[in-house]
Amino acid sequence: MDIFLQQTVNALALGGTYALLALGLAVVFSIMGLINFAHGELMTIAGYVLMYCGIAGVSFVVAVPLALMASVLAAVLMERIAFRPVRNGSGATMLVTSFAVAMILQVLFQNLISTRSQPVLLPAMLSDSVHIAGMVIGVNKLAAIIATVVMLVFLDWFMKHQKTGIAMRAAAEDFAVARLMGIRANTVIAGAFALSGLLAGVAAVLWVSQRASVDPLMGFMPVLKAFIAAILGGLGSLRGAVAGGFLLGFIEIYLSAFLPPEMQEFREPIGLGIVVLVLLFRPNGLIPSATLKAEKV
Amino acid sequence: MKKLLTLTAIGALLAAPSFADTLRIGAATAQTGGLAPYDAPVMEGIHIAIDEINAAGGIGGTTKIELIEKDVRSDAAQTSIAVQELVDTGISALILPCDADPALAAIGIVSSAEIPAISTCASSPTLPMIGGDYMFANFPGDNVQATVSAAWAQEQGHDTAYIIYSPDSQYTTMPLYFAEVFEKMGGTVLGQDTHSIGQQDFSAIATRIAALPEQPDVIMTSSYEPDFPSMLKALRSAGVTSQMIGSDGIDSPTTFSLGEAGEGVVFTTAGYAEDGSPLAAFNAKYKETTGSESETVFNAVGYDLIKVIEAAVLAADGSTDPKALRDAIANLENVQGATSAITYKGTDGMPVRQVSLIRVKDAGREFLGSPSPDAALIPAPRMQ
């Protein structure tokens with residue numbers, strides 16, 4: 001039982017990180033119908049900011065907000081430079097654009113920073129663990145869970161009570177009507193990218209605090225997980241993204257924890273098999289978006 | 001007229017000096033993509049060696065080295081395309097990527113063109129086995145590294161071990177060699193876990209190990225960044241205090257910047273820069289040429305590779321004929337490189353090189369020695 005509880009905490013921490021990642025994809029998708037595969041590179045940018053802050057001796061408490069700001073800024077620039085010109089293009093055009101942005105950034109990181117992964121100096125506290133009710137919980141696990149909760153509460157408040165947030169919800173429901181009501185498309189879309197940048201930044205801090213290094217290609221794996229989680233939860237639905245993220249985290253941790261040793265090698269195919277199974281019963285995801293089809297503006 | 005031409009040609013050939021003017025080497029390595037972290041530093045070392053040799057007038061004072069480079073983007077198909085292009089330009093030797101899989105993608109072309117090929121830093125002993133006569137490696141084999149670390153663990157009085165490996169690549173299965181040697185020497189392997197390369201979260205594995213009825217004395221893995229730091233931190237924060245043993249993949253600055261969690265980690269690698277050693281000299285030269293400190297032993301490994309080719313040309317009396325070079329490489333003994341003395345004679349293409357044991361201490365390196373492994377203990381290469 002103890003082990004089960006312990007593994008559940010592990011699953012919550014991992015699922016929370018996946019939820020933040022999937023939310024970042026979903027925020028943009030719900031409005032533009034674009035799956036931004038360059039989302040992972042926003043994380044890489046935040047990671048490099050942490051790395052440079054470490055080298056410059058900037059304290060971690062200052063480095064984290066700087067990293068978040070960098071990924072928000074990068075997300076807004078990405079929209080302005082790469083996605084705005086193709087906003088009216090087909091879904092495929094935008095998808096290919098996002099892959100191109102990701103690849104260009106990766107090659108830039110490899111050529112301008114380093115092909116090798118670079119160490120990120122982290123406060124020693126993050127490697128510690130605390131004992132709660134007979135369980136050993138790593139500080140970074142705890143941080144992941146707290147950060148997820150804070151971000152979800154913030155997002156809920158933002159979407160319900162902030163003008164931009166309300167406008168974003170309206171745009172996600174029906175962009176054409178929302179524009180007729182006087183909502184500026186550019187503001188909403190830039191806002192969505194900024195929000196996804198913030199989510200990417202928080203996820204990056206959690207991600208990097210586990211691996212302690214950044215490399216030019218580190219964005220690929222998280223964006224892949226986020227994509228799976230977003231599909232699982234229901235593309236374009238924010239609540240779905242959170243549900244999908246947590247479910248994916250639970251599937252991965254429980255399989256890794258309780259699958260018999262001789263089956264461990266097949267952990268990933270089994271996990272993805274479960275995802276397919278869920279989608280067979282709920283083809284639009286766990287909590288599908290009310291308006292599945294995103295509109296072009 | 002025709003006869004005259006032929007005679008002149010023969011005459012010219014006979015009169016020509018035995019040393020050719022240039023040795024053309026093709027490099028099909030990964031400058032971008034997942035293998036770039038290994039191939040790019042090796043290529044830096046290769047350039048340093050070539051510049052040094054050419055500045056001294058070339059191999060044997062006459063044969064300058066010409067390097068033709070192609071980026072294979074860490075892709076097996078691209079490797080075979082690049083190799084075909086390089087072979088068409090008439091190269092005498094070929095440099096292949098650090099991983100066995102893309103290196104093997106080129107083997108058909110290499111074997112039929114009969115050009116010796118050396119992988120920059122692949123360490124799987126199966127590479128020359130599958131690759132045949134023309135395929136050579138340039139790194140201590142996985143099975144040799146595992147033998148060195150298992151013997152060290154036994155020497156320290158560690159009797160029980162746990163291994164964590166990934167079946168995703170040949171290299172990351174090194175712990176299976178470790179387990180084989182460790183048991184052969186009388187130790188007990190308490191269990192094993194697998195992970196996938198790039199796996200972010202090791203908390204499930206760490207929790208399972210922490211809950212074992214008996215804690216293992218050592219945990220061995222050949223995982224590298226970003227997996228290794230995540231794994232290590234997860235184990236330590238779950239309360240597992242076993243001795244961690246790793247391999248050359250973690251010979252990287254990150255390993256030394258993990259703070260408390262990283263202290264005491266022991267790993268095998270291709271060399272250690274003792275004062276006055278060739279590696280220390282190489283590192284000084286690296287700093288002089290590039291302006292920054294060498295971050296990894298893979299720089300020196302690139303230097304070694306060119307030293308091997310230089311020695312082969314000298315051994316073949318200055319010939320740049322690919323077949324002659326292959327035979328020469330296969331018979332090289334004690335070529336002094338930057339990291340170690342290198343011997344190919346008597347092997348199937350997997351060189352005999354020194355393996356160094358390093359312990360992380362005060363965020364720096366503590367040299368534990370370069371023991372020669374007992375040949376009887378080295379496991380046979382294992383096909384996956």
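Lys and Arg count as positive and Asp and Glu as negative, with His and the chain ends not counted. The place of a charge is NZ of Lys, CZ of Arg, CG of Asp or CD of Glu. On this basis chain B has 21 positive and 46 negative side chains, and the centres of the two sets lie 6 Å apart.

The model is predicted: local features need pLDDT of at least 70, side-chain atom pairs count only at pLDDT 80 or more, and totals for chains, interfaces and linings use all residues. Residues are numbered from 1 along each chain as its sequence is written, chains are lettered from A and ligands numbered from 1 in the order written, and side-chain values use heavy atoms, without hydrogens and water.

Chain B has 13 helices and 14 strands (DSSP runs, numbered from the N terminus: H or I of at least four residues, E of at least two). The radius of gyration of chain B is 22 Å, close to the 21 Å of the globule rule for 384 residues, so chain B is as compact as a globular protein of that length (C-alpha atoms; 2.2 Å times the number of residues to the power 0.38). The C-alpha trace spans about 90 × 40 × 40 Å along its principal axes.

Of the 384 residues, 59% count as buried (under 20% relative accessible area, 1.4 Å probe, protein chains only).

The largest nonpolar core has 117 residues (buried Ala, Val, Leu, Ile, Met, Phe, Trp, Tyr and Cys joined through side-chain atoms within 4.5 Å). A:Met32, A:Met168 and B:Leu235 have the most contacts inside it. Beyond four places in sequence, B:Leu235 is in contact (heavy atoms within 4.5 Å) with residues including B:Ile164, B:Ile219 and B:Met244. Apart from this core lies another, of 46 residues, among them B:Leu23 and B:Tyr303.

Terms used. Buried < 20%, exposed > 50% of the residue type's maximum accessible area, 1.4 Å probe, protein only.
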